[in-house]
Amino acid sequence: EKIRIEIISLSLTESRIASDETIQQLFVECRLYNFLAEETPLSLPKPTGGKRIHYNYSNVIHVDKANNHARREYLKSMLLKPDLHTDSLRFTVVSDPPEDEQDLECEDIGFAHVSLREIFQKQRDIIEQDIDVFDSQDDSVVIGKLKVTVEALRVLHSVYEECEDD
């Protein structure tokens, strides 16, 4: 019982990010609520001129009853309480400072979200879909597209059936 996440590729629009010389290498972090954050093992050179960089990174979040009770309880509460604003997987695009400037900090430059509740409502996993990446300094500005896969429908069904049993 698991959620499978794939971070496939990233492209940038013409934005402050594209023209910022200090932003050279990018990696992507994925976080489920406050449980865990996983990041792509590599940071890749910033894509230019409408090109994509390909991470082809895949990760699994285990939500089995035996070992991951807290994550299951979180999924249950998310399905039962639609007012919670914590129903999303959050993807953060992060600027990784160049090797020769390690005194610089990693900087969050953009965010994207996938709603688990929406996957459940639409009864459809997200397969190789482009999602908007919003500027971390102005969340009305789209700075790029992140192509992701999120397979969560089966485990959401399983959790929902448990709710009905409780």
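In this predicted model, Leu-116 touches Ile-3, Leu-32, Leu-75, Met-78, Asp-87, Ser-88, Leu-89, Val-150, Ala-152 and Leu-156, leaving aside residues up to four places away in sequence. Leu-116 also belongs to the largest nonpolar core, which has 43 residues. Together with Leu-89, Phe-91 and Val-150, Leu-116 touches the most other members of that core. Strand 1, residues 2-12, gives the most to this core, with five residues.

One of the contacts of Leu-116 is Leu-156, a buried residue of helix 4. This helix has 13 residues and reaches 19 Å from its first C-alpha to its last, close to the 18 Å expected at 1.5 Å a residue. Besides Leu-156, the buried residues of helix 4 are Leu-153, Val-155, Ser-158, Val-159, Glu-162 and Cys-163. They pack against strand 1, helix 2, helix 3 (116-122) and strand 9 (142-151).

Two packed helices are described by the angle between their axes and the distance between the axes. Here the axes of helix 2 (residues 69-80) and helix 4 (residues 153-165) come within 9 Å and cross at roughly 80°. The two helices are therefore roughly perpendicular to each other, because angles of 65 to 115 degrees count as such. On the helix 2 side, the residues that meet helix 4 are Arg-72, Leu-75, Lys-76, Met-78, Leu-79 and Leu-80. On the helix 4 side they are Val-155, Leu-156, Ser-158, Val-159, Tyr-160, Glu-162 and Cys-163. The residues of this contact divide into nine nonpolar, one polar and three charged. Leu-75 and Met-78 of helix 2 and Leu-156 of helix 4 take part in this contact, and Leu-116 touches each of these residues.

Another place to look is strand 6 (residues 88-96), where Val-93 lies. Val-93 has 2% relative accessibility and so counts as buried, since the cut-off for a buried residue is under 20%. Not counting residues up to four places away in sequence, Val-93 touches Leu-10, Leu-26, Phe-27, Val-28, Glu-107, Asp-108, Ile-109, Gly-110 and Val-133. The C-alpha atoms of Val-93 and Phe-134 are separated by 9.5 Å, and these residues are 41 residues apart along the chain.

Asp-20 lies in the loop between helix 1 (16-19) and strand 2 (25-32). With a relative accessible area of 22%, Asp-20 is partly exposed.

Note on methods. Residues are numbered from 1 along each chain as its sequence is written. This is a predicted model: local features need pLDDT of at least 70, side-chain atom pairs count only at pLDDT 80 or more; totals for chains, interfaces and linings use all residues. Side-chain values use heavy atoms; hydrogens and water are left out. Axes are lines fitted to C-alpha atoms, for helices over the stretch in contact, and angles run from 0 to 180 degrees between N-to-C directions. Helices (H or I, at least four residues) and strands (E, at least two) are DSSP runs, numbered from the N terminus. Angles under 35 degrees count as roughly parallel, over 145 as roughly antiparallel, 65 to 115 as roughly perpendicular and the rest as oblique. Contact means heavy atoms within 4.5 Å. Ala, Val, Leu, Ile, Met, Phe, Trp, Tyr, Cys and Pro count as nonpolar, Asp, Glu, Lys and Arg as charged, and the others, Gly among them, as polar. A nonpolar core is a set of buried Ala, Val, Leu, Ile, Met, Phe, Trp, Tyr and Cys residues joined through side-chain atoms within 4.5 Å. Buried means under 20% relative accessible area, exposed over 50%, partly exposed in between (1.4 Å probe, protein chains only). The expected span of a helix is 1.5 Å times one less than its number of residues.
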